[in-house]
Amino acid sequence: MSSKNLFSFLFLLVLPFSSSSDTTAGIKSGFWYAGSEFPVPEIPSTMYTHLHFAFAYINTTSFELYISHSDEPYISTFYETVKQNNPSVITLLSILGGRNESTNFFAMTSQYSRRKSFIRTSIKTARQYGFQGLDLLAVNPNTATNMTNMRTFIEEWRTAIDSESKSSGTKRLILTMGAYYSPMLDSMSYPVDTIVRNFDWVHLITYDYYLPTKDNFTGAHTALYDPASKLNTDYGIKEWIKSGLPANKIVLGLAYHGYAWTLVNPNHNTVGSPARGPAITQDGSMSYRYIKNYMKSYGVTPVYNSTLVVNYVTIGSFWIGYDDVEAIKTKVSYAKDKGLLGFAAFQIPSDDVDWELSKAALDEEEEDQRDSNQRLLAILLPTLTITILLLSTILCILKRKTTRSEGIGELNERAIGRNLKVFSFDQIKEATDNFSIKNKIGEGGFGPVYKGRLSDGEEIAVKRLSECSKQGVEEFQNEVSLASKLQHVNVLQLQGYCIKREEKILIYEYMPNKSLDFYLYDPVKSLKLDWETRIRIIEGVTQGLLYLQEYSTFTVIHRDLKASNILLDDEMKPKISDFGIARLFQKDEKEANTGKIVGTYGCVPPEYVNQGIYSRKYDVYSFGVLLLQILGGKKNSCVYGIENNLNLLEYAYELWQKGNGVDFIDILLQDDSQIGKQLRCMQVALLCVQEKWEDRPSMLEVHSMLKNETEILPNPKVPAFSKNKDNTTQETVVTIELACSDNSLTISQLIAR
């Protein structure tokens, strides 16, 4: 029996016991927002009956439906990818028609020709990418004219969908709508009768009732009940039902995000306490994952308000309101008790790494069914175990032989599962003009790197393992399996690989501006790195590390973060590259040990050099070194100081201690209006390179230090590998008076709401 046949047999065996989704049963839907950069293969599709791809938009000129260029790679594979884990999951394309897109939406509905263009292209796009339904989100008809046009548009849309289904002989597209919590907003009401006739269901936006950018008090933004206000979910749902929308057409919205306020008085820290704007992020929004990590880093416990059915937590002067497991369970139970159709989670990537909220939202009936299936499988599986193990052993032996002879085996199957392309050696030879010297753009520990151009014109970067490379098969496989799982705007995207006998080749997206070290240490080329460009690079690397350490589904320790591994695209935006020696961490692991010391001199922390211990603080240390290099334009392999006897870290620390930090900053950057921000970055860098890893901040804390310029920072201790240890370093704080400037240092929040 072949490998393919074996796994097909096992799949067919287990299929009858897997959970299924019935479109007529309870809706368990969730949104995946393309801007979150969350890997589509990691979506827990088995926990949901319906998945929304967010968002499509309205073209302001043609009024056709359009997909953002940056989202096209995701939408083209979304349907097939989520179906791999849950073949019965139903996918919908969500169209943003409200908020910032409201003007475009009502401009479209105002004329027949515009409506026709939108309706035609919406159906065409859904069919093109395999979506089984369309969703219209957040529209608010705020004038009588808009109300009339909206009615007409909805009727025409449904008629066109029905007509297309009949003429094509295909199953009719589902049509849903995301409406605000109450049918009456801004003195205008939704056209409920039209909605009832034409939409299959309506999922309500039962969150964002209060926002730190608008309200000067802490608010329960997801309140299920509120005796003192109409801004609560129970009130809104009752109003919808009273207006004529049946309960069995209502889907309850669940928020997997919260908001942070800055308290006026930290001692007044309940719901409704005076506040003075957002905290932690620019608009105060925080994903549940970010909130959990933030609470964990400070060791605090949230409060559950059973009256409002919300959670909140106070950390110093910061107050965060959100829904935790208890609140989510109560709201799902409420939906069942009220006879609602189900729930819609916004958005899935904001859940924590263990999918706590998604698991909590599963109804009891599905859990019982799953438990029953598991009991049945527990009875059947032991009888098959011996046979399967024997077959697997035989196949593994045969496969290893095949892998040795052909060069492509288990790695091939695993990588294809991650949407990687397996290139032939002839394709790579043609793309690089037979590895022509004129196409060579670099050389690293892995081997030479070439620029290539595929037959369709796409430019690629080709890393070819050289015979004398320090990296072998283990590092190659590590980089393929690791990099293929990572999807973030600040992490270099692996597109595929090639193996032929002794040839091992990686194919990456091409970065036209090479690496950061190409510019940083050259007196002429560094002119391209002005302060604004360096800030964008610092921000991008920070976001990339935050993703690797906190927001990916697994923790990645890069272990070789340095200027040459920071590649720059055509806009000089950074991408972290080279995961050959990276390691995976479980989310609850704090450190690990290795007997094999790898890395780059000057970027490796002392605990790793001395004891082989590595943790998240490994990359924090490397980031600190990199930050000093960016600020000073100096190499860490040189010596500095009056007597030329100080390494880079010692030199920076000595100048800082003497109050002469400005002398460390690259002369090209020296600007009175920016010096405060530059010195703050220098202080953060020195905190990152302290001797003891326990003293170094986490990347979450680094992010906060760089973003919140008024936050008081601790005084850094003597950096690692210093000749003169200072055991009497004071635990005092240093404050920097920031020069006023319109060009403020801003580190944006990683996870979009």
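Reader: Why is lysine 438 called exposed?

Author: In this predicted model, lysine 438 has a relative accessible area of 65%. A residue counts as exposed when that value is over 50%, so lysine 438 is exposed.

Reader: How do you know that lysine 438 forms a salt bridge with aspartate 433?

Author: The closest N and O atoms of aspartate 433 and lysine 438 are 3.8 Å apart. A salt bridge requires a side-chain nitrogen of Lys or Arg within 4 Å of a carboxyl oxygen of Asp or Glu. The distance of 3.8 Å is within that limit, and the pair therefore qualifies.

Reader: Is aspartate 433 exposed, partly exposed or buried, and what value decides it?

Author: Aspartate 433 is partly exposed, with a relative accessible area of 43%.

Reader: Why are arginine 696 and glutamate 607 said to tie together separate parts of the chain?

Author: Their side chains meet in a salt bridge at 2.8 Å, N to O. Arginine 696 lies in the loop between α20 and α21, and glutamate 607 in helix α17, so the pair ties together parts that are 89 residues apart in sequence.

Reader: Why are arginine 696 and glutamate 607 called buried?

Author: The relative accessible area is 1% for arginine 696 and 7% for glutamate 607. Buried means under 20%, so the term applies to arginine 696 and to glutamate 607. Elsewhere, salt bridges that share partners join Arg158, Asp162, Arg172 and Asp200 into one network.

Reader: How many salt bridges does the structure hold?

Author: The structure holds 24 salt bridges. One of them brings together the side chains of glutamate 356 and lysine 292, at 3.7 Å from N to O. This pair links distant parts of the chain: glutamate 356 is in helix α10 and lysine 292 in helix α8, 64 residues apart. Glutamate 356, at 28% relative accessible area, is partly exposed, and lysine 292, at 25%, is also described as partly exposed.

Reader: What makes the nonpolar surface patch, and why does leucine 527 count as exposed?

Author: Val524, Leu527, Ile667 and Leu668 make a nonpolar surface patch of about 430 Å². Leucine 527 is found in the loop between α15 and α16. Its relative accessibility is 55%, which is over 50%, and therefore leucine 527 counts as exposed.

Reader: How do you know that asparagine 146 makes a polar contact with asparagine 142?

Author: The two side chains come to 2.9 Å. A polar contact needs N or O atoms within 3.5 Å, so the distance meets that cut-off. Asparagine 146 is placed in helix α5. At 14% relative accessible area, asparagine 146 is buried because the value is under 20%. Leaving aside neighbours within four places in sequence, asparagine 146 is in contact with Phe106 and Pro141.

Reader: Which residues have the most contacts inside the largest nonpolar core?

Author: They are Trp157, Tyr190 and Phe623, in a core of 182 residues. Helix α16 supplies the largest share of this core, ten residues. Another core, of 16 residues, lies apart from it; Phe476, Val480, Tyr497 and Tyr510 are among its members. Not counting residues up to four places away in sequence, phenylalanine 623 touches several residues, including Ile538, Leu561, Met699 and Leu706.

Reader: Why is isoleucine 280 called buried?

Author: Isoleucine 280 has a relative accessible area of 2%, which is under 20%, so it is buried. Isoleucine 280 is placed in the loop between β12 and β13. Its contacts beyond four places in sequence include Tyr290, Phe318 and Ile320. Isoleucine 280 and isoleucine 320 are 40 residues apart in sequence and 9.5 Å apart in space, C-alpha to C-alpha.

Reader: What caps the N-terminal end of α7?

Author: Asparagine 232 does: one of its side-chain oxygens lies 3.3 Å from the backbone nitrogen of aspartate 234. Just after α7, glycine 244 takes a positive phi of about 115°.

Reader: Which residues of helix α7 are buried, and what do they pack against?

Author: The buried residues are Thr233, Asp234, Gly236, Ile237, Glu239 and Trp240. The elements they pack against are β6, α6, β9, β10 and α9.

Definitions and conventions: Residues are numbered from 1 along each chain as its sequence is written. This is a predicted model: local features need pLDDT of at least 70, side-chain atom pairs count only at pLDDT 80 or more; totals for chains, interfaces and linings use all residues. Side-chain values use heavy atoms; hydrogens and water are left out. Helices (H or I, at least four residues) and strands (E, at least two) are DSSP runs, numbered from the N terminus. Buried means under 20% relative accessible area, exposed over 50%, partly exposed in between (1.4 Å probe, protein chains only). Patches are made of residues with over 30% relative accessible area and no salt bridge: like charges are joined within 9 Å, nonpolar side chains (Val, Leu, Ile, Met, Phe, Trp, Tyr) within 5 Å. Accessible areas come from the Shrake-Rupley method with a 1.4 Å probe; for residues, only the protein chains shown count as cover. A polar contact is a pair of N or O atoms within 3.5 Å; within protein, one must be able to donate a hydrogen and the other to accept it, and residues adjacent in sequence count only if both atoms are side-chain atoms. Contact means heavy atoms within 4.5 Å. A nonpolar core is a set of buried Ala, Val, Leu, Ile, Met, Phe, Trp, Tyr and Cys residues joined through side-chain atoms within 4.5 Å.
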